[in-house]
Amino acid sequence: MSKSLVLAGKEFRSYFSSWLAYIFIALFVAAALVSFFFLAGFFADGRAELRGYFSWLPLTLAILVPGLTMRQWAKENEMGSIELLMTLPAHTRDLVLGKFLGTMGFVAVALLFTLGIPITVEILGDLDWGPVVGGYAAALLLGGAYVAIGLYVSSWFHDQFPALLVGWLLCGLLAAVGHETVLGWCEALPAFVSRTFAFVGFWDRFRAIERGVLDLRDVAYYLSVTGLFLYLNVARIRTKRWTA
Amino acid sequence: MKIDRTQIVISALLVAVNVILFNLIVGEFRGLRADLTDGKVFSLSPTTERLLAGLKEPVEITAYVSADENIHEDVRPLVPEVMDLLEEYEIKGGSKVRLRRIVPEEDEKAEKEARRDYRIRPQIGIFRDARAQGVQSFYLSLVVKYPGSDAITLNADDLITQNVFAQEQSLELKNVELELTKAIKKAVLGFESKRNLFRRFPTTIELTTFITPADQMPPSLKDVPGRIDELLDDLAARSEGKLVHVKADLGDEALLKRLRVPALDVEGLDHPLHLAMILKLGDQSRRLSLLDYDGARSNEDIEGVIMGVVRSASPGVLRRVGVAQYLPDPDGRMRMMGQPSLPPAYLALARTLGQDYDVVDLDLGQLRSLPADLDLLIVMEPAKLDERAAYLIDQYVMGGGKTIFCLDRSDSSMLDGTRQGAEARDSGLEELLATWGVKLQEGVVLDPNCGEFFDTRSREGTLLEGPWMSSVEVGLDEGGVNREVGYMRAFEAARFWFPGSIELTPVAGLSQNWLLRSGAESFVRKASPQLVPDLASWPKSAFEPARADEKRGRRILAAEISGVFPSHWADKPAPKKEKEAPTEEEAEPSLEIADQPIPSSRPTRMVVVANGEFLDLVQAQVESQAGPKYALFSANARFLVNAIDWLLEDDDLAAIRNRGRSFRPIERLEEGAQNRTMLLNFVLPLVGLAALGGTLYWRRRLRRPLI
């Protein structure tokens, strides 16, 4: 685990050595503010709550997280530095976990920069912080799942761009299938399709946590998806190592 | 260890399968959750938990809910919340709650049963959005059944409401726990009251049965007379002498004709078939035919029918609420000038209250008596009431009666479409209320910080929009609602139209609290025929802004008073009663008004709202049609319900109703301040980001080797 943390620290710092990280955070915060103030109409609505911000988060994160993870393995593959990584006296799971935790640290920092929204609401009204805590917990769980998916996808490519595209596709699909609009489109299909979509999709589960209810089933789902893709990532790298 | 590639793939697949199985297993662990909200709004309240723990028999909750794909997308997200809550009932109730979900479209028999026994029909919703407009029907109903009691049905209308505060049309759940717990309480009360029901009757109940003897019955009904006899004898024994069962002589045709006893000619029978009973209580009698109920019905069903009639005639099972308002003239004549015009709004109010209370309509224009068993009296928009009516209300309060007054000192009723202003007018109750420390101020409150208003009563019949000062909104800023008062904690907001204001002065023995207040910039203007909106001169406010002599500040729009009330007639003689022929209504038991006034009350409670039109539900309905953002008047009805909870000391339901705060308003900002707030939110993270980048950059530079 200590090796993972060392690697995570390295990955985390490496994000901030490039302007890309700052652009990412700026875009993320801008998207959050636009969704909160303009799309959800905070002032017109007049309610001291953050639903307008959180309700767009599954989509915002689905777009931005693959941008963070695309380079993680793809760049190693492209540069050939993966060979070097394989020679490190670290277990494959430490490598994967290191990259995951480093990226998660960065996502957490990005979320931290949106704390101005609840603070503003608290100043203007009496904010219930329970759903806010739930919302940020849900954002971290969702972010974790996206990061795990993005890392796994990245491990398959030697070029960052296809990793980004496939990452978007997969994260977007998992976000979208649970959305009520998509479920509405499934009306013509057999009932089990929409039930499966509702079960697999991220959106509905995110809504439940975001309203302030941390249900074991939702938490377990996010964690298990994260765990599954991290395991698949480890398996993928181990296969590579074996091939090498 | 050498790792085979196939092994890796297989293990990865096994992990994936395990993850799916894990989630399927975890999916069964219901109720393991943390409710992070203030007030635990997504968890069952202690009141409900106590109710469930105290159930003697299991309560059955059946959810008739369409499959997700058949429910419109606006309603679909709300269904899991309803089902989650039902699961909470099941988990917390243990063996005392049986939960079933039925998808009516997939179970034809259940659908028929739902329609026949519980009158459940698919909900038809009209939805409009940017893409389309359409109609979709779906099921979303709950049925609560408690052994020996009538089933109670909650339909979608009872569970879902329009979000009146949203910018666009959106639906949200009502307080489902409140509705469901209320239903369980009602069902249990229905059962409990059966045992105590007869005690409530002041006199003996005579139940005369007109039933064809068993030997003359068709084969399928041969057992019915015996079953009914047995049942009624059992009821009579339980009634402790209050129920007398009499078997009528079916040979007395004159009697049958006089009482209009229903009979049925059955093929193969040479005599008419009688299966009826008449319940007589004092002067009242109710006829009941069992012909509609086939012989296959169980004893419980037949007992349910009989008890239903007994219950409907029983005093005090439901709380009785008297709504005193000006009722339409029965002969259609227009009222005399000076009297307010017909307010059909309060008939809608009576219907709304009728869902939970036994509502008695009282005509303020002819208020000469009050029913003796009123639990609560609501006085709506009184105008120029005479002294005798005021005395009647005073003595009702002295008898411990609970009251709500909605009144002011101006007439802003504009239903004739010729006036839009507010004219001075007295209610006739000013002196009476002053005795209890409630002084109704002259003039109307105008508030420059009001929201947009929609006037349905413009002369041209068009809709006018604009922040009219005569439309006073409270609760949209902090300080408008007294959230220190328990039942107001979760209250959202209210809207008044030309409200009056209240000044509270201390009275020994009484506790007074303000409940709703106007904005800090509001002021009072003298009511006069000239007080009309003038959009030409004041296009933004419709009224002249506060003049130098009009002091700005918050004004009390609603208040509560509790304690021992002194009588206004404590030291003076009662006003003389007009000699009039007793009406049919007066033949019913009514409150005896003694010539010697009762000088002070038993501890009781009162709510005063300084606005006659506060509960104009017709206006509320019209507003709702115009769009959700205009529908604040609907929220006024919620204030009424909260107040009734407090007045009737129904603390259990009030505790559920007021858990958490569903609406938390933000401070209203001018457009400039809004823009500055948004700008700050955009700029500060950028500054923070720049600071972070700068710090990291300098740290890296400092670490860089000098050579």
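1. Ground rules. Because this is a predicted model, local features need pLDDT of at least 70 and side-chain atom pairs count only at pLDDT 80 or more, while totals for chains, interfaces and linings use all residues. Residues are numbered from 1 along each chain as its sequence is written, chains are lettered from A and ligands numbered from 1 in the order in which they are written, and side-chain values use heavy atoms, with hydrogens and water left out.

2. Chain A. The secondary structure of chain A consists of 14 helices and 1 strand. Helices here are DSSP runs of H or I with at least four residues, strands are runs of E with at least two, and both are numbered from the N terminus. Chain A has 244 residues, and 59% of them count as buried. Buried means under 20% relative accessible area, exposed means over 50%, and partly exposed lies in between, with a 1.4 Å probe and protein chains only. Of the contacts in chain A with a separation of 6 or more, 78% are between residues 24 or more positions apart. A contact means heavy atoms within 4.5 Å.

3. Chain B. This chain has 16 helices and 31 strands. Of its 707 residues, 49% are buried. The accessible surface of chain B is about 34,700 Å², with 52% belonging to carbon and sulfur atoms. For contacts in chain B between residues at least 6 apart in sequence, 75% join residues at least 24 apart.

4. Helix α1 of chain B. This helix covers residues 5–26, which is 22 residues, and it reaches 31 Å from its first C-alpha to its last, close to the 32 Å expected at 1.5 Å a residue. The expected span is 1.5 Å times one less than the number of residues. Its buried residues are B:I8, B:A12, B:V19, B:N23 and B:V26. Seen down the axis of α1(B), these fall within an arc of 75°, so they line one face of the helix. The arc is that of the directions from the helix axis to the C-beta atoms. An α-helix has 3.6 residues a turn, so residues three or four places apart point the same way. On the face of α1(B) turned away from the buried side are the exposed residues B:L13, B:L14, B:I20 and B:I25.

5. Helix α11 of chain B. Residues 387–398 form this helix of 12 residues, which reaches 16 Å from first C-alpha to last, close to the 16 Å expected. In α11(B), 11 of the 12 residues are buried, so the helix is largely enclosed by the rest of the structure. Among the buried ones are B:Y391, B:D394 and B:M398. The cover over the buried residues of α11(B) includes β17 (376–380), β18 (402–406), α12 (430–435) and β31 (604–609) of chain B. After α11(B) comes B:G400, whose phi is positive, near 90°.

6. Salt bridges. Over all chains, 21 salt bridges are found; the rule asks for a side-chain nitrogen of Lys or Arg within 4 Å of a carboxyl oxygen of Asp or Glu. One of them pairs A:R205 with A:D218, with the closest N and O atoms 3.2 Å apart. A:R205 lies in helix α13 (residues 203–210) of chain A and A:D218 in helix α14 (residues 216–243) of chain A, so the pair ties together parts that are 13 residues apart in sequence. Both A:R205 and A:D218 are buried. In chain B, B:R100 forms a salt bridge with B:E60, the closest N and O atoms being 3.5 Å apart. B:R100 is in strand β3 (residues 97–102) of chain B and B:E60 in strand β2 (residues 59–65) of chain B, so this pair ties together parts that are 40 residues apart in sequence. B:R100 is partly exposed, with a relative accessible area of 35%, and B:E60 is partly exposed at 21%. Salt bridges that share partners also join B:R409, B:D426, B:E430 and B:E442 into one network.

7. The interface. Contacts between the chains involve 62 residues of chain A and 62 residues of chain B. The two chains bury about 5,600 Å² between them, 62% of it on carbon and sulfur atoms. Buried area is the accessible area (1.4 Å probe) that two parts lose on being put together, summed over both. A:R47, A:R211 and A:R217 supply 13% of the area that chain A buries against chain B, more than any other three residues. The interface of chain A and chain B has 1 salt bridge by the rule. The side chains of A:R217 and B:E87 meet in a salt bridge at 3.9 Å, N to O. A:R217 also meets A:D215 in a salt bridge, at 3.0 Å, N to O, and both of these chain A residues are buried.

Methods. Accessible areas come from the Shrake-Rupley method with a 1.4 Å probe; for residues, only the protein chains shown count as cover.
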